[in-house]
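Keep the sequence and the 3D view open while reading.

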Amino acid sequence: IVSLLIGMIAVFALRGELNWRKSLVFGSVFLLLFFGIGLLVKKGGASVDASLAANIRSSLQGLRDYSVGGLVGFQRVLQHPGEVPSTGGIARTAEIMLNGVGAHFPVSSQHLEFSTIGEGLVANVYTAYFYYVEYGFAATVALVFISGFVIATVYARALNGNGIARAVYASFLAGIVLSVFGEGFYNNVNFLGKLLIFGVLLLKPIQPSRVLPQDVEFSA
């Protein structure tokens, strides 16, 4: 749901239609969903039986822990290599897709182990870098560079009015914002592939073509 909200913000912004009213609506919806779902699942001690003040305090603490917990968790991973088992790195999604057409790659659980991020606090998010660092420092830099180059290229086409690029960039922006929690680029190739296919089928036919007038003369 949060990814969808961020994607909608990206589309409105690219179209020049994002104003303070829409921003206020999106922010309110996010807070309502975050605190509402946290209350229903009793996240961080929140409960329908607790007082309003107690629930607000628990929800704000939960927002804090989710916002910075991944950074603390990743630091712990670097300090204690192997403490949190890998889920398969960036190849996991591709292996699952190949298994669907007959391959037999062993695929581990996608749920990461919990680790301590503070006194009495645990979390199982370790930022997007958790999925890169197991390949080494040089590979981490290369993977970040590749994803950054692709995102910048798509962003440039999105600014130029390409509808498919706008849809893809909306997903990329969600991956950027949520990179403090997990990896939303290489592990999202399944969704991105489907997005491109349906984008070509649905958006390409209605995408306005840019044709230069024949009577316009250009001079150096």
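## Helix α6

In this predicted model, the buried residues of α6 are T140, L143, S147, I151, V154 and A158. An α-helix has 3.6 residues a turn, so residues three or four places apart point the same way.

α6 contains 23 residues, and the distance from its first C-alpha to its last is 33 Å. That is close to the 33 Å expected at 1.5 Å a residue. After α6 comes G161, which has a positive phi, near 100°.

## The largest nonpolar core

Which elements give two or more residues to the largest nonpolar core? The core itself has 28 residues, and the members that touch the most other members are F130, Y132, Y169 and F172. The elements that contribute two or more residues are α1 (2-14), α3 (52-79), α5 (130-133), α6 (137-159) and α7 (163-177). Of these, α7 gives the most, with eight residues.

Y169 can be followed in more detail. Leaving out residues up to four places away in sequence, Y169 touches A10, L14, I151, V154, Y155 and A158. Among these, I151, V154 and A158 are also on the list of buried residues of α6.

## The chain as a whole

The protein chain has eight helices and two strands. Along the sequence they come in the pattern α-α-α-α-β-β-α-α-α-α.

How many of the residues count as buried? The chain has 220 residues, and 29% of them do. Among contacts between residues at least 6 apart in sequence, 60% join residues at least 24 apart.

## The surface

The protein chain exposes about 14300 Å², and 67% of this area is supplied by carbon and sulfur atoms. One nonpolar patch on the surface is formed by I96, L98, V101, F105 and V107. Together these residues have about 420 Å² of accessible area.

F105, one of the patch residues, lies in the loop between α4 (92-99) and β1 (115-118). Is F105 buried, partly exposed or exposed? F105 counts as partly exposed because its relative accessibility is 37%, and that class lies between the cut-offs of 20% and 50%.

Note on methods: Residues numbered from 1 in each chain as written. Predicted model: local features only at pLDDT ≥ 70, side-chain atom pairs only at ≥ 80, totals over all residues. Heavy atoms only, no water. Patch = residues over 30% accessible without salt bridge, like charges linked within 9 Å, V, L, I, M, F, W, Y side chains within 5 Å. Areas by Shrake-Rupley, 256 points an atom, 1.4 Å probe, with all protein chains shown as cover. Salt bridge = Lys/Arg side-chain N within 4 Å of Asp/Glu carboxyl O. Helix = DSSP H or I, 4+ residues; strand = E, 2+ residues; numbered from the N terminus. Buried < 20%, exposed > 50% of the residue type's maximum accessible area, 1.4 Å probe, protein only. Core = buried A, V, L, I, M, F, W, Y, C linked by side-chain atoms within 4.5 Å. Contact = heavy atoms within 4.5 Å. Expected span 1.5 Å × (residues − 1).
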